[in-house]
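Thanks for coming. I will walk through one structure this morning, starting with the rings and ending with a few single residues. Please have a look at it first.

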Amino acid sequence: MSRIGVFICHCGTNIAGSLDVERVAEISAGFPGVRFASTYKYMCSEQGQQTIKDAIAEHGLDRIVIAACSPRMHEITFRKFLSATSVNPYMLEIANIREQCAWVHTDPEKATQKAADLVRMAVAKVREHKPLFSSSVPINKKALVIGGGIAGIQAALDIGDAGFDVTLVEKEPSVGGHMIMLDKTFPTLDCSACISTPKMSEVAAHPKVTMMTSSEVETVSGYVGNFEVTIRQKAKYVDHDLCTGCGLCETKCPTKAVSEFDQGLAMRGAIYRPFPQAVPAKPVIDPVNCRKIKEDKCGVCQKLCPLGAIKFEDEDKLVTDIYGAVVVASGYELADWASMYPEYGSGRFKDVVSGLQFERLMNAAGPTQGKILRPSDNTVPKDFVIVKCVGSRDKKKGLAYCSRACCMYSAKHAHQILEKIPDATVTVFYMDVRTPGKNYEEFYDRAREDGARYLRGRVAKIFKENDKLICKGEDTLSGGNVEVSADMVILETAMTPSAGVRSLTAKLAISADEYGWIQEAHPKLRPVETQTAGIYLAGTCQGPKDIPDTVSQASAAAAKVCVLFSKDALEGSPMISSVDESKCCGCESCKGVCPYKAITMEEIDSNEPGAGRIKRTVARVNSGLCQGCGCCTAACRTGAIDLLGFTNLQILREVDALCK
């Protein structure tokens, strides 16, 4: 006979302000199997948990229903608490009377009745609960970090410093990401390369870190503690074990291609290092532009190399290893403004540049050695227009979110222009100015004091008139249209997820939001975790961030990995799918819908009455991979699969209770 305890939380006034919690407790006391019902102001608090503990001992309770906020908030808290009592942690049911009731209703009487109904359903379900027990999964204490920008570098260093082996995978020939492309960082105006280059060198030399550049994740299987990952190391056509990085081959290469690192503002050879401080400081060959690889002509670099390090016969390699945890730090890209905004010239005007292109123009290691020159004629511009939110916060273009860094990015650009060209004019078109970081507001004020003119409004069109670029827009403060002429226009473009992130999320069995940013498990309580255990997020793969926030999140993700690796085995959730083999027909419907690849088909011996021993195929669930999403349960045609904790019987009991 069930002995159920019902505990109603006031949640301050979040719940008690919208419905009568005492009345809900009074009604709940009359439900079948309920032996005790009470309320408390904050049930998740230490005192609230003690109230439950005392009631369990006094009334001999064996099942618990807590009517409070969403189970996403505190179900784990209550399970951990119950593990120290006589009640099995999985003999618990949460009735969500905050988000599903108090927060969505204005009529207290109807809200009270609905809350009582939700509790009635929870009581009916918990009566069918069975004790569940978790199993342990061994942990391979080696981490994989995907992405070699500042987030990936920081995460790899922190994990390595904790004494664990790390593999850092970067798709480009060098680590560094976007940060190494910048000239200076706000608000301190530190040299970006001076900050990031030591980190790049440190991660390359770290005894616990294996750095794999020009590499990408090919396949991922397994589960937390035991991810089997295959990495494709793309052919470099240069033996880095032999190469000393002397640079002779780079200087003699006759073929030129557009430099990706310099954002198309300069050229590089077909054999090249992306930038002088590249790590590793050794060249690779671009097979798309190399004449020797394409046409079997040239080969000058191979003839000149004194060590014979050029290997045109090089091929891609596949490397497979087992990792206990994965940190995703895949970074961001800038929105393709030329295709999104044809009204801005669609890339026809050389003097309309992105913020990142402007960074390369200001950088001492850039194509103009730090001089601000017009790309069209290499003259010094005098009049500048900076356009903020190009793509960001623009629902018409499909990007409704704020890119967060652009306000400070544009203030930095305005300050640097006026510092290098004191007699310049700078007009900044903006929607709003957001400066939420430490010393950010003061930096923005400094840019205006320097002479930057802020004009509130969007730019509707950019066109050329004689030698000038005309920015036609609006001034929403005065209510009039404006035209501002400029020698150079800088577009602070939106951050977007990096290319290939959709493919990566599919390989890792993690989810992304509508824009492609990787989705965290909970925005407040689990901001660096994903719904797939053992996979963590760092930096702008999750959403737009500035450098301090990126580094902070990278260290947070590394800390999560270290916590995981502090144990020899991980306790897995028992709320996973279970197959009744006597009902399974082997149709594989469950296997096709499983997003975690947790279901395999297996042949078993079956003694059918009158048929003797025969072979038949049934589904098997990998308890390490299964995340308890329930997709297989819904797809099973014969009802052979049940999700433990949410069995068909338990759900039907809830429905029956609601219909009474």
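A word on terms before anything else: a residue is called buried when its relative accessible area is under 20%. What you see is a predicted model, and every value I give is computed from it.

With that cut-off in hand, take F261 and F275, which are both buried. Their rings form a pair. The ring centres lie 4.4 Å apart and the planes meet at 20 degrees, so this pair counts as stacked. For stacking, the planes have to be under 30 degrees apart. Where do F261 and F275 sit in the chain? F261 is in the loop between β13 (256-258) and β14 (267-269), while F275 is in the loop between β15 (271-272) and β16 (284-285). The two are 14 residues apart, and the pair links distant parts of the chain.

Another pair is Y430 with Y454. This one is edge-to-face, with 5.8 Å from centre to centre and 65 degrees between the planes. Y430 belongs to strand β22 (residues 425-430) and Y454 to strand β23 (residues 453-456), so the pair ties together parts that are 24 residues apart in sequence. Y430 and Y454 are both buried.

How many aromatic pairs are there by this rule? The count is ten. There is also an aromatic cluster made of Y401, Y515 and W517.

K125 lies over the face of F646, 4.2 Å from the ring centre. K397 lies over the face of Y341, and there the distance to the ring centre is 4.8 Å.

Now the sheet that holds β22 and β23. In what order do its five strands run? The order is β20-β27-β21-β22-β23, in an open sheet with parallel pairing. The edges are taken by β20 (352-354) and β23; each has a single partner strand, so one side of each is left without a neighbour in the sheet. On average, neighbouring strands here are turned by 25 degrees against each other, direction ignored.

V387 has F429 in β22 as its bridge partner. Packed on the sheet is helix α12 (residues 355-362), which touches β20, β21 and β27 (488-493). The direction of α12 makes about 95 degrees with that of β20.

Still in this region, S354 is found in strand β20. Is S354 buried or exposed? Its relative accessible area is 6%, so S354 is buried. Leaving out neighbours within four places in sequence, S354 is in contact with L334, W337, I490, L491 and T493.

For an antiparallel case, go to strand β24 (residues 459-465) and strand β25 (residues 468-475), which pair over six bridges. E465 has K468 in β25 as its bridge partner. The hairpin of β24 and β25 has two residues between the strands, and N466 takes a positive phi near 60 degrees.

Two more residues. N88 is placed in the loop between α3 (71-82) and β4 (92-96). With a relative accessible area of 13%, N88 is buried. The side chain of N88 reaches the backbone oxygen of L132 at 3.1 Å. Not counting residues up to four places away in sequence, N88 touches P131, L132 and F133.

A55 lies in helix α2 (residues 46-59). A55 counts as buried, at 4% relative accessibility. Setting aside neighbours within four places in sequence, A55 is in contact with F7, F36, G60 and L61. From A55 to F36 is 19 residues in sequence and 7.6 Å in space, C-alpha to C-alpha.

Last, the whole chain. The secondary structure of the protein chain comes to 19 helices and 34 strands. What share of its 660 residues is buried? The figure is 52%. Among contacts in the chain with a separation of 6 or more, 69% are between residues 24 or more positions apart. The C-alpha atoms fill a box of roughly 85 × 70 × 45 Å, taken along the principal axes.

Terms used
Residues are numbered from 1 along each chain as its sequence is written. This is a predicted model: local features need pLDDT of at least 70, side-chain atom pairs count only at pLDDT 80 or more; totals for chains, interfaces and linings use all residues. Side-chain values use heavy atoms; hydrogens and water are left out. Rings of Phe, Tyr and Trp (its six-membered ring) pair if their centres lie within 6.5 Å; planes under 30 degrees apart count as stacked, over 60 as edge-to-face and the rest as tilted. Helices (H or I, at least four residues) and strands (E, at least two) are DSSP runs, numbered from the N terminus. Buried means under 20% relative accessible area, exposed over 50%, partly exposed in between (1.4 Å probe, protein chains only). A charge sits over a ring if NZ of Lys or CZ of Arg is within 6 Å of the ring centre and within 35 degrees of the ring normal. Two strands pair if DSSP finds at least two bridges between them. Axes are lines fitted to C-alpha atoms, for helices over the stretch in contact, and angles run from 0 to 180 degrees between N-to-C directions. Contact means heavy atoms within 4.5 Å. A polar contact is a pair of N or O atoms within 3.5 Å; within protein, one must be able to donate a hydrogen and the other to accept it, and residues adjacent in sequence count only if both atoms are side-chain atoms.
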